[in-house]
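Have the sequence and the coordinates at hand.

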Amino acid sequence: MSPMFEMVDKLIDKYFLGSGTRSIRPENEVAKLISNGAYILDVRTALEAKKGIAPGATNISLFQLNRRLGELPRDRTIVTYCMTGGRAGKSRDILERNGFKVVNGGGYETIRKIVTRQERS
């Protein structure tokens, strides 16, 4: 991860509070949810997502999330991810408060690895 993105993640974790990286679920749990049809939500900025997004994921940045809740499914579990899990945790908090079933999937590399592995199976 570039130093700039690492700094952004730390600042967001610090100033937006929320559950942050503490709410990241174990990889095997996340893999099972994705395998069972969970909706994958990338909460990184559009600039970050342009560098790579997990197959099948939708990008709605944390900063736009409250305005775009109507675009998200209420009948599926949502797995959030960002670069390291901090913003995904904050997004989890927001979605949970709004009645969504959601888990923090952690970072981009973990989710990409899970989805890629499942696509090969």
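## A buried arginine

A residue is called buried when its relative accessible area is under 20%, exposed when it is over 50%, and partly exposed in between. The model is predicted. R44 has a relative accessible area of 2%. That is under the 20% cut-off, so R44 is buried.

Where does R44 lie in the chain? It belongs to the loop between β1 (39-42) and α3 (46-50). Its side chain reaches the backbone oxygen of G52 at 2.4 Å. Setting aside neighbours within four places in sequence, the contacts of R44 are A49, G52, I53, N59, S61, Y81, C82, M83, R87 and Y108.

Side chains of opposite charge can pair when their charged atoms come close. The structure holds nine salt bridges. R87 forms a salt bridge with E48, and their closest N and O atoms are 2.7 Å apart. R87 lies in helix α4 (residues 86-97) and E48 in helix α3, so this pair ties together parts that are 39 residues apart in sequence.

Are the two partners buried or exposed? R87 is buried, at 1% relative accessibility. E48 is buried too, at 3%.

## Partly exposed pairs

E109 and R112 meet through their side chains in a salt bridge, at 2.7 Å from N to O. Both belong to helix α5 (residues 108-120). They are three residues apart there, so about one helical turn separates them. E109 has 46% relative accessibility and counts as partly exposed. R112, at 32%, is partly exposed as well.

E29 and R25 make another side-chain salt bridge, with an N to O distance of 3.1 Å. E29 is partly exposed, at 29% relative accessibility. R25 is also partly exposed, at 36%.

## A linked network

Which residues are joined in a network of salt bridges? E27, K113 and R117 are linked in this way.

## Summary

Conventions: Residues numbered from 1 in each chain as written. Predicted model: local features only at pLDDT ≥ 70, side-chain atom pairs only at ≥ 80, totals over all residues. Heavy atoms only, no water. Helix = DSSP H or I, 4+ residues; strand = E, 2+ residues; numbered from the N terminus. Buried < 20%, exposed > 50% of the residue type's maximum accessible area, 1.4 Å probe, protein only. Polar contact = N/O pair within 3.5 Å; in protein donor to acceptor, adjacent residues only side chain to side chain. Contact = heavy atoms within 4.5 Å. Salt bridge = Lys/Arg side-chain N within 4 Å of Asp/Glu carboxyl O.
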